[in-house]
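I opened this entry to note how two chains meet. I wrote down what I looked up, in order.

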Amino acid sequence: MWRLDKRKQKQGSMSGKPKLTYPNGRGRMESIRWLLAAAGVEFEEEFLETREQYQKLIKDGALLFDQVPLVEIDGMKMVQTRAILSYIAAKYNLYGKDLKERAFIDMYVEGTADLMGMIITFVFTPPQERNLALIIERATTRYFPVYEKVLKQHGQEFLVGNRFSWADVQLLEAILMVEEKEPTVLSKFPVLQAFKARISNIPTIKKFLQPGSQRKPPPDDQYVATVMAIFKKD
Amino acid sequence: MAGKPKLYYFNGRGRMETIRWLLAAAGVEFEEQFCETREDLLKLRQDGYLLFQQVPMVEIDGMKMVQTRAILNYIAGKHSLYGKDLKERALIDMYVEATMDLNEIIMHHPLQPPEAKAKHLASIIEKATTRYFPVYEKALKDHGQDFLVGNRFSRADVQLLETILMAEECKPDILSKFPVLQAFKARISNIPTIKKFLQPGSQKKPPLDAKLLPKVMSIFNIGNE
C-alpha cells in the first residue's frame, strides 16, 4: 500500500493519479472509490477534517459548485458524483459498448444509487424519523428482484452485455451496504448470492474488499459529527 | 403512432419536464399518457411497465426506459447533444447535474408547509444567485462562445435555460446581476425548436397549481412512494 505524502497532497495530483477530496468516510465518494478500485486505478485521497479546510477549498476556487466530492483527474477538477462516475466508467470501458447498453447500465446504476442514497442519508436523519424497515422493504421488493430477474433471464455473469461494467460494481456495493443493515437480506435471491460471490472474486474487487484498502467503514458518530461541523448541515 | 417516444407521467412538470425540454430541443415529436389517478399508476406497475415501480417512464426505441437521468443521457446521446468526446461530456455532466440539483429544490417548493415557504424561497434564490448562476455566467464570459460547451449546442444549454426560466418564476428579476446569462437566455430561446416549445399550445407544462397539489400527492403518495 502506498503512503500518504503530504507534499504531494498539497501540490494536487502530481503523481498522475486521481486525487479524491472528501471527509474520511463513505458518503457520496464511496461509489467513486469502488469504481476506481474495480478499474484497477490507484488513487490518492485528501480528507476534509475541518470547516476551515472546506472554506479554503472554496476560496481557492477548487469546487465548481462549492461542493464535494471533488476528484482531480486528467487535468480536470471534477465535481458532481454522477459526472465523475460517468467519466471514470467511460474512460475505463465499464460503460457498455453502445448507446443501448449504456441506457441499461444507466437505469441499473440509478436504481442502486437510489437505494444507496437511502442508506447514505440514514445516519443524518433524526433517530425518530429513521426508517430502516423501509430501506429493507425497498431493497427486497423494488430493487433486488429486478436484478435477480435480469441475471436469471439472460443467465450471463454480468448485468449488461455479457461484460463487466459499472452496473455490476455498483450492485455489489449496494448489496454489501444493505447486508450491513440486514445480513439475511439476500436469503430469497439465490442468483444475487451467486453474483455477489462471483463479482467479489474479481481480482481488483477482491483487493478492495481486503482490510487495508481505501474502502471506508460504515459511518459512525464521529464521522457524522465531523460532517456536520464541516458543512454545518441544517 | 409507432416511432414516436411515449412519455408516462402525470400532467405536470415534476421529473418529466426536463425530458420534455430535451426532446423538444432535439426536434423530436412525442406522445404522452397521463396518470390521472393512483389507480393509473398502480395499473402501470401491475402491467410490468415500470422497472422500479416509478415514473417517469419513456417508451423509446423498443425500450421502456425509467430513471430520469438514464432517459436524458440516452436522448442526448442519440441526438448529438452530449458533446464530441469524453471531456466535453464530463463538463456537460457537471453542468447538468448542478441544474438538476437546483431544479430539485425548486420542484419541492410547492410541497413546503406554509410556515416554511418563505424561508425555502429565500434559500432557492440564494443558491441560484450565489452557487449556480455565477458559474454559468463566468463559463460563458470566459470563452465568449454562444453555447456552454464545445462551441456547440448541447443538453447543457437546454437544461440551463429550463432552470433559468423556473428560477425566474420564483423571482422575475433573478438574472438582474447576470448580463451574460440574460443574453444566453434570449439567444437559446430563439433557437427554432426551443422557440416552438416556448409557445402556447406546446407540450411544455405550467408550474404546479396549488389546486393540483392534493391530486399529485395522492397519485404518487409523495413521501411514501
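**Interface of chains A and B**

I began with charges: Arg82(A) forms a salt bridge with Glu97(B), and their closest N and O atoms are 3.9 Å apart. The term means a side-chain nitrogen of Lys or Arg within 4 Å of a carboxyl oxygen of Asp or Glu. By that rule I found one salt bridge across the interface of chain B and chain A.

I noted that this is a predicted model, where local features need pLDDT of at least 70 and side-chain atom pairs count only at pLDDT 80 or more, while totals for chains, interfaces and linings use all residues. Residues are numbered from 1 along each chain as its sequence is written, chains are lettered from A in the order in which they are written, and side-chain values use heavy atoms, without hydrogens and water.

**Extent**

I looked up the contact (heavy atoms within 4.5 Å) and found 33 residues from chain B and 33 residues from chain A. The buried area, which is the accessible area (1.4 Å probe) that the two parts lose on being put together, summed over both, is about 2900 Å². Carbon and sulfur atoms give 64% of that area. Phe52(B), Met94(B) and Arg131(B) supply 22% of what chain B buries against chain A, more than any other three residues.

**Side of chain B**

Which element gives the most to the side of chain B that touches chain A? I found α4(B), with ten residues; helices here are DSSP runs (H or I, at least four residues), numbered from the N terminus.

Methods: Helix = DSSP H or I, 4+ residues; strand = E, 2+ residues; numbered from the N terminus.
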